[in-house]
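Please keep the sequence and the coordinates in view while reading.

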Amino acid sequence: MQFTVTDVPERERFEARDESGALAGIVTYQLTGTIIAYTHTEVDPSFEGRGVGSTLARAVMDDARAKGRTVVPICPFLAEWLGKHPDYDDIVVRTTRKVK
């Protein structure tokens, strides 16, 4: 099954849809300048186990790279996925410092 991922900036999220246009999953984000924080990944239960999460993760990371953005992976799913894909390490912020 093929999924198409598109950015929907007015809703601050990327959407994955199947060939029929059904919403299969989303990744929400917050964008500040060139920094994008991916906050949540959600896959519709009827699409679980079909690679929607990985398709979304790769698409949002490729989009960030193409736009010269720095990624802050707040979403646990995306953070775990990135642990298995070190080819994105150059655009990912892994730690943050507390501001006093």
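Two strands are taken to pair if DSSP finds at least two bridges between them. Helices (H or I, at least four residues) and strands (E, at least two) are themselves DSSP runs, numbered from the N terminus. The model is predicted, so that local features need pLDDT of at least 70 and side-chain atom pairs count only at pLDDT 80 or more, whereas totals for chains, interfaces and linings use all residues. Residues are numbered from 1 along each chain as its sequence is written, and side-chain values use heavy atoms, with hydrogens and water left out.

The protein chain has two helices and five strands, arranged along the sequence in the pattern β-β-β-β-α-β-α. Its radius of gyration, taken over C-alpha atoms, is 13 Å, close to the 13 Å that the globule rule (2.2 Å times the number of residues to the power 0.38) gives for 100 residues, so the chain is as compact as a globular protein of that length. The C-alpha trace spans about 50 × 30 × 25 Å along its principal axes. Contact is defined as heavy atoms within 4.5 Å; among contacts between residues at least 6 apart in sequence, 39% join residues at least 24 apart.

Strand pairing can be followed from β3 onwards. β3 and β4 run antiparallel and are joined by eight bridges, and Y29 has Y38 in β4 as its bridge partner. Two residues lie between the strands of this hairpin, in which G33 takes a positive phi near 60°. On to β5 (residues 70-73), β4 is joined by four bridges, and these two strands run parallel; here I36 is partnered by V71 in β5. The chain passes from β4 through α1 to β5 in a right-handed β-α-β crossover, the term meaning that, with the strands pointing away from the viewer, the path from the first strand over the helix to the second runs clockwise.

Turning to the interior, 38% of the 100 residues count as buried, that is, under 20% relative accessible area, with exposed meaning over 50% and partly exposed in between (1.4 Å probe, protein chains only). A nonpolar core is a set of buried Ala, Val, Leu, Ile, Met, Phe, Trp, Tyr and Cys residues joined through side-chain atoms within 4.5 Å. The largest such core has 24 residues, of which Y38, V52, M61, V71 and L78 touch the most other members. Two or more residues each come from β2 (13-17), β3 (23-32), β4 (35-43), α1 (52-66) and α2 (76-83), and α1 gives the largest share, six residues. Beyond its neighbours within four places in sequence, V52 is in contact with F3, A16, A24, G25, V43 and F47.

Aromatic rings of Phe, Tyr and Trp (its six-membered ring) pair if their centres lie within 6.5 Å; planes under 30 degrees apart count as stacked, over 60 as edge-to-face and the rest as tilted. Four such pairs are found in the whole structure. F14 and Y29 form a tilted pair, because their ring centres are 5.4 Å apart and their planes stand at 50°. Since F14 lies in strand β2 and Y29 in strand β3, the pair ties together parts that are 15 residues apart in sequence. F14 counts as buried at 4% relative accessibility, as does Y29 at 5%. The rings of F14 and Y38, with centres 6.4 Å apart and planes at 65°, are edge-to-face. This pair links β2 to β4 and so ties together parts that are 24 residues apart in sequence. Y38 is buried, with a relative accessible area of 0%, and F14, Y29 and Y38 form one aromatic cluster.
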